[in-house]
Amino acid sequence: MTLVALCSLKGSPGVTTAALGLAARWPAGELPVVVECDAAGGDLLARFRLETSPGLVSLAAAVRRGADAGLVWQHTQRLPGGLPVVAGPAGAEQARAALVQLTSAGAAVLRRAADRPGTVVVADCGQVGQSSATQSILQAADVVLLLARSRDDALSHVVANLDAAARWSWHATFVLVGGGYPTSEVASTLGIEVIGRLPDDRHGAAVLGGRPGRRSAPAQSPLGRALARIAALAASRAATTHRWKEGVADLSGADPSIPSAGRNSSLHNSWEGVSR
């Protein structure tokens with residue numbers, strides 16, 4: 001009963017690949033489904049040669065008639081390994097229109113799907129901005145994973161968007177991708193929480209991206225192992241969020257204040273001048 005959203009603030013650090021790997025490596029006992037919510041257009045149709053329907057467009061059309069908990073599953077296709085996905089259209093205009101329709105009443109259809117016992121909805125939100133149609137999904141998520149490369153250009157965008165990210169979700173935490181500055185240095189200098197780091201692993205990424213490879217390769221690759229660790233931590237984080245929500249619901253008449261994003265505002269500009 002978890003909704004996890006993955007996104008980036010700039011560039012293409014591999015959000016879709018990470019979403020697939022996170023779902024594939026989610027702890028046993030829960031059934032994951034990946035929903036492609038990238039306003040720039042999806043990649044799954046081409047990567048895995050899927051049918052254009054069912055998918056995000058048909059799901060968005062069905063939402064007009066209701067948003068029951070089982071609706072998402074009616075619009076899935078299966079990847080070669082069996083992972084269910086709701087594929088987004090490749091075109092940005094069609095993707096944005098579908099997302100606007102899907103989120104017209106917030107993220108109710110994804111939230112209700114995720115609230116079913118034993119279900120994990122992994123929303124691939126791509127690169128987000130302040131006008132993104134995916135913001136309601138980020139706000140509804142139990143965990144938001146923000147992917148960023150650990151280099152000057154990418155981290156400068158992290159610095160510039162920390163306030164916006166905090167408004168999207170107080171459940172947000174960062175995942176660093178590839179080489180660059182050490183994880184501890186990025187976390188302490190920017191005052192952000194980093195839940196893990198994904199290695200540059202072309203072979204592991206290629207298998208997750210639909211290219212031929214040994215069936216066990218995703219789990220055994222460095223990328224697969226890193227995603228398994230992050231999935232376990234995200235599952236634990238989601239459980240904590242659920243307990244917090246239940247505690248708030250039990251406090252009759254309480255005014256639950258939303259915790260801060262855990263960042264140090266005095267460090268927003270401190271990345272400038274940090275030597276390599």
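**Close-up views of a predicted protein model**

In this protein, 75% of the contacts with a separation of 6 or more are between residues 24 or more positions apart; contact here means heavy atoms within 4.5 Å. This is a predicted model, in which local features need pLDDT of at least 70 and side-chain atom pairs count only at pLDDT 80 or more, while totals for chains, interfaces and linings use all residues. Residues are numbered from 1 along each chain as its sequence is written, and side-chain values use heavy atoms, with hydrogens and water left out.

**View 1. The whole protein has 12 helices and 9 strands.** Helices (H or I, at least four residues) and strands (E, at least two) are DSSP runs, numbered from the N terminus. Of the 276 residues, 52% are buried. Buried means under 20% relative accessible area, exposed means over 50%, and partly exposed lies in between (1.4 Å probe, protein chains only). The accessible surface comes to about 12,600 Å², and 50% of that belongs to carbon and sulfur atoms. These areas come from the Shrake-Rupley method with a 1.4 Å probe; for residues, only the protein chains shown count as cover.

**View 2. Here is S8, a residue of strand β1 (residues 2-8).** S8 has a relative accessible area of 1%, so it counts as buried. Beyond its neighbours within four places in sequence, S8 is in contact with P13, V15, G126, Q127, V128 and L147.

**View 3. Helix α4 (residues 92-102) has the buried residues A95, A98, L99 and L102.** They cover an arc of only 100° around the axis, so they sit on the same side of α4. The arc is that of the directions from the helix axis to the C-beta atoms. Turned away from that buried side is a face with the exposed residues E93 and V100. Look for α3 (56-63), β5 (104-107) and α5 (108-114), which are among the elements covering the buried residues of α4.

**View 4. V72 lies in the loop between α3 and β3 (77-78).** Its relative accessibility is 0%, so V72 counts as buried. Leaving aside neighbours within four places in sequence, the contacts of V72 are V33, V35, L59, V86, V109, L110 and A113. From V72 to V85 the C-alpha to C-alpha distance is 9.3 Å, with the two residues 13 apart in sequence.

**View 5. The loop between α2 (44-48) and α3 holds P54 and R49.** Most residues other than glycine have a negative phi, and most peptide bonds are trans. S53 and P54 are joined by a cis peptide bond, with omega at about 5°. R49 is not a glycine, yet has a positive phi of about 55°. With 80% relative accessibility, R49 counts as exposed.

**View 6. The second largest pocket holds about 330 Å³ of space.** A pocket, on a 1 Å grid over the protein atoms alone, is an open set of points where a 1.4 Å probe fits, with protein on both sides within 12 Å along at least five of seven lines; lining residues have an atom within 4 Å of a point. Its lining has 17 residues, and G14, T17, D201, A205 and L223 lie nearest the centre. Both α1 (15-24) and α10 (202-208) supply at least two lining residues, and α10 gives the most, with 3.

Conventions:
Points joined across faces, edges and corners; volume = space filled by probe spheres on them.
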